[in-house]
Amino acid sequence: MSRIHVTTTINGDETEYLCEAGETLLDVLRDHLDMTGSKEGCGTGDCGACSVVVDGRLVCSCLMLAAEAEGRAVDTIEGMAQGNQLHPLQQKFLEHAALQCGICTPGILVAAKNLLERNPNPSEEEVRYWLAGNLCRCTGYDKIIRAVMDTAADLRGAA
Amino acid sequence: MPKDEYTSRDFKVVGTRPIRPDGIEKVTGKARYGADISAPGMLWGAILRSPHAHARIKGIDTSKARAMKGVKAVITRADFTHQPEDSGMADILDNCMAGDKARYDGHAVAAVAATSKSIARAALAAIEVDYEVLPHVTDVDEAMKTGAPVVEPGRQQESVPEGYCENVTGRSQYGHGDPESGFEQADLIVERSFKTAATHQGYIEPHACLATLDSDGQGDLWVCTQGHYMVRNVCAGVLGLDAGQLRVTASEIGGGFGGKTHVWMEPTALMLARKSGKPVKLVLSRDEVFRATGPTASSSVDVKIGMTSEGKITGATATYRLQAGAYPGGIAFLSAMCGFAPYDLENVRTEGFEVMTNRPKAAAYRAPGAPMGAYPVESVIDELCQKLDLDPLETRLKNAAREGTRSSYGPTYPAIGLEATLEAAKSHPHWSAPLGENQGRGVACGFWFNFGGDTCVSLMVNPDGTVSLSEGNPDIGGSRASMTMMAAEELGVPLDQVRTIIADTASLGQNEVTDGSRVTFAVGLATIKAARHAIEIMKERAAMTWGIDPEAVDWRDGAAHPAGPNAGKFPPMTIKEIAAIASNTGGPIAGHHEVNAEGAGVSFATHMVDTEVDPETGAVKVLRYTVFQDAGKAVHPDYVEGQFQGGAAQGIGWAINEEYIYGDDGRLQNAGFLDYRIPVASDLPMIEPVILEIPNPGHPYGVRGVGETSIVPPLAAIANSVSRAAGVRLTSLPMSPPRVLAALKAQ
Amino acid sequence: MVAVRLWGSLAELADGQQTVEIKAANLRQLLDGLARDYPALKPQLERGVSVSIDGKIYNDTWATPIEEDSEVVLLNRLVGG
C-alpha cells in the first residue's frame, strides 16, 4: 500500500511521517509517533479525548486525516508543559483533584487551554459549554470546572 | 481490643489533601493506559462480531482472510481446544468467542491478527459466516413469557419454581413479617410498576491489551482492568494455562465502574498471540464496547407500600425482574436485598428474577442492582408523602433503619450512618431554598454493601530509609494517593518518603478486583498492617543495637524510642538510621500483610436534587445537587468528594438520558456516544458533597468504602424531583424529553 | 446449635423452614453442616453464599467463629462493581 509523505509541525518541532490515506491524525500521533497522550475514546468525535489544536483551532484528531496535517501546526498534550514546568492548568488540575482515572484529562487540558487563549475571563456556563465536547465519566465535572475557573483567575491576576 | 479495630487518634496525614503521586504523568499525557504500549514485531488484532441477535453459526470460512498479505493469524472458536469444566468459565469463553451460536448483536465470532490495523479490518471483511437466524428476545418481560425464544435451555436453577420460562434462570426472595397484614394497617397503599433501561458504565477508555503467549505456555499480558489477578485466573482457566506462567500487568485504567471486573477479549488476544507467535495488541472500538461489553441490567419492577397517615410504613413488597443478557447469572437478588434496606420495616417481602435475553452479558455497574432496587421503592415512598402531605425527609427519618434494626435482607444492623445523612440533609440550606415555577425538589436514600476480600501488600524499607509500597489493585481514582497516605501515617514519615506501585501478578499474592468499594478499606487495612509489621522489625533492630528488649521500644514520629526510663537512655533511632544499618542487623527490612478482609460494613447516602421541567419540550434541567454520605474516615477528602460527585453524575445520566435502544431486529441502535448520551459538562450543575465521618469500627482508621453508594439514590431523587416539578409521577427511566412530554400531555 | 436464617427461596428447599439449626462453631462447620443436613441447598452453597454473623458479612474465612447465640443469616453471594 502506497503511503503519503507529510511534513508538519508538532509542538513546535518539524515532523515528517508516512501515512496511509485512511489513517487519522490520531492514528499517526499514537501509532507512528509514539505520542500516546492523545487518547481514542470513541473514534467518532464524540468524546474529545483526542483533542489537539491545529493552527489555533481545537479539533478531534480522530476526525482529521493524517494527510491533512501537511503544512500545519499541531499542538498536543505533550507540548503543554514547558520542560519540567507544568502549564498553570496542569498544576491547577492537580491541586483541585480534577481527575480520577485521568483518561479524559489530556483532551480536557488541551481544550481548556484553547478556551483561555480565546477568553481569559469565561463564566462557569461558558466553561461548561466549551468543554461539552469532552466527556468525563468519573468526576461529574465539578472539580474540572473549578480548576479551569481558578486558572483563569490566576492568569488574569498575573497579566 | 484487636489491633485491626478502630481506635480514635489524631491524624497527621490522613484527612489532608495532598497532590496525588501519579498526578504529573496524568496531566502531561505520559501515563500509559491499555492502548498506550507497543512491542517490537507487534501485530494488530481485530474481532468480527455477529450482526444478528440470535443465530446458529453453521460455518465460518476464513480461507480468504488467511490468504491475505499481512494476516498472521485467524481464529474462531475451533481454536479454543480447551473446554473449561467450570460452567462459569465455559460461559466466559463462549462470550469471548461464540460457539455453536451467536447469542446477541455484537457477539464475537472470529478474530484476526495482522501487521496493520487496516489489514486487520480488511481481513475481517473477508471472513464469511453462514448464519441461520433464530428468533430473539431482548425485553425482560417478553423473555419471561411462556413461549418466548429461549436463549439457552437447561440453565434454570433449582430456585425457580415450575412453570417459568427457561429464560428465568434464578430467583431469590428476602424479607420478614407478613406484608398482607401490614397493608391492612395502612391508611394509604400505593402500588406501581416501574421500568429502567440498560445503561453502560461508559468508561472513556475502551478495553485494550497487549498479549504474548509462547509455545512453552509462558505469556505476558498488559491490560486495562479493574483486577489483573482476576484476568490472569480467568485467562488461565479459559485457555487451560498454568496461572503461574501467565504474568499480567495492569496498565493505568481509564475508568471501569464495574465494566472492567470481567474478561471480554483478553483470551482472544492471547490465542492470536499463540497462533501467530507474535505480540498482539487488541483495542476495542467504542461500538464494540457498547455492543459486546456488559452494560448493567434493564429492569421491570412492581412495588407496593402501605403507610399510615402519620408516615409509618406498615407493609412493603417488591418484585424485581432483571434482564441479565445472554448468559445465566444476574443481579436481581441484589435489587431485592437493597431496595428496602434503608428502612426499619415489620412486614417486608422482595423477590428477584434473573432473566436471560439476547443482549450482551450484563456486567457489574457501580453498586450492581442497588440503583434499580432503590428507584421504585423511593419513588413510591415519595408518592405516599405527596398524597398524605408528609415531609419526605421526616418520613424517611421516621422509618429509618438504625443500630438494632432487622434489615429487609435479614441481618440486624450494627451502628450505621443513615440517620446522620438524613439529619444533615434536613439542616442543609439546600432543603429550605426557594423553588421557582416548573421546578421540583426530590430526595432519596440509598444503601450498598461494601466488600473486603483477598488482599496483599508489601512494604519495603529501602537502604536510604525511604519506603516502597506494592499493592495489587489498579488505581482507578486516586488509590495510590490514599495508600501512600496511610503508609506515611502509620510509619510517621513524610508523604514524599513513600512511593506506591501497582505490582504485576508475579509480584504479590492474589488480590480481589477493584470492586465493591473495597480498595481504600481492604488495601488500606493491609497497608497499615504491612507498615506495623515493618515497624515491629525496625523496633527489633533498634533494640538489638541498644542491647535492650524489643518490648521496651516504642515507635513514633518515624523513629524508635526507648519505651520509658527503665528501657535505658538512648537517643531515638530514625527509620533512616535503622535502614542504614539493616545489613548489619539482620538484612533487608520489609513488612507485608496478606488477608481476606471480611466484614467491611454497609454504607448509606441521602441525595437531594432540584430540577426544572420545560413544559414545551419535556427537557429536564438539573439545577442543584447535594450528596450526603458517610465515609467513615475520609483518607483524602478530595477523592471522596470525587466519588460522591461522579456517582451522582452517572445516576443523573441513568435517570435522564442514557438507555440501550434495541430495534425489532434485536440490534443495538445507539452504539456510540452521540446517540448514547452520557452527561456533558453543560448538562450538570456543581454537585455539593457533604462528607459525614462516622468511624467504621472494623477498620483501624475508621475507613468505610465510598465508591459505589453514590449511584444508588440519584435515579429516585431525580424521578421524585421531576415528578414534583411536572405534577405527574414518572415511572420509567430514562426520563427523556419524549417520555416526560408524553406524561405531561397525559395529565 | 446455631440458628441460621435462610432467604425465602432457600427456605423452600429446606422443607419451608425459614430458620434451621446447625451444630457449628465456625463458618466452615456451618456450611458443611448445612450441606449435610439439607442436601437440597447444596447447589446454592456450591455457587457461593455470603454469611452475615452478628451483622458483619463474611464470604470465605472458614475459621470465623460463631457463638451459640450469634445471629447468622445466609445471603446470596454478594458482588460489587
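The model is a predicted one, in which local features need pLDDT of at least 70, side-chain atom pairs count only at pLDDT 80 or more, and totals for chains, interfaces and linings use all residues. Residues are numbered from 1 along each chain as its sequence is written, while chains are lettered from A and ligands numbered from 1 in the order in which they are written.

Between chains A and B, the contact involves 44 residues of chain A and 42 residues of chain B. On the side of chain A that touches chain B, two or more residues come from each of α2 (88–95), α3 (105–118), α4 (124–130) and α5 (142–158) of chain A. Helices (H or I, at least four residues) and strands (E, at least two) are DSSP runs, numbered from the N terminus. The most is given by α2(A), with four residues. By class, this side of chain A has 22 nonpolar, 12 polar and 10 charged residues. Here Ala, Val, Leu, Ile, Met, Phe, Trp, Tyr, Cys and Pro count as nonpolar, Asp, Glu, Lys and Arg as charged, and the others, Gly among them, as polar.

The contact between chains C and B takes 23 residues from chain C and 33 residues from chain B. On the chain C side, α1 (8–13), β4 (56–58) and β5 (72–76) each supply at least two residues. The residues of that side divide into nine nonpolar, 10 polar and four charged. Chains A and C do not touch, and their nearest C-alpha atoms are 14 Å apart.

Chain A is assigned domain 1 (4–79) and domain 2 (88–158), with bounds that come from an automatic or database domain assignment. The C-alpha centres of these two domains of chain A lie 22 Å apart. In chain A, 13 residues of domain 1 are in contact with 11 residues of domain 2. Strand β3 (residues 51–54) of chain A gives the most to the domain 1 side, with three residues. That side of domain 1 of chain A has seven nonpolar, five polar and one charged residues.

Chain B contains 20 helices and 26 strands. Its radius of gyration, taken over C-alpha atoms, is 27 Å, close to the 27 Å that the globule rule gives for 747 residues, so chain B is as compact as a globular protein of that length. The globule rule is 2.2 Å times the number of residues to the power 0.38. The C-alpha trace of chain B spans about 85 × 75 × 50 Å along its principal axes. Of the 747 residues of chain B, 63% are buried, that is, 20 or more other C-beta atoms lie within 10 Å of their own, whereas a residue is exposed if there are 12 or fewer and partly exposed in between, with C-beta atoms placed from the backbone.

The assignment for chain B gives domain 1 (23–31 + 452–597), domain 2 (43–134 + 208–253 + 260–292) and domain 3 (299–450 + 601–745). The C-alpha centres of domain 1 and domain 2 of chain B lie 40 Å apart. Each of these two domains of chain B gives 14 residues to the contact between them.

How values were computed: Two residues are in contact if their C-beta atoms, placed from the backbone, lie within 7 Å.
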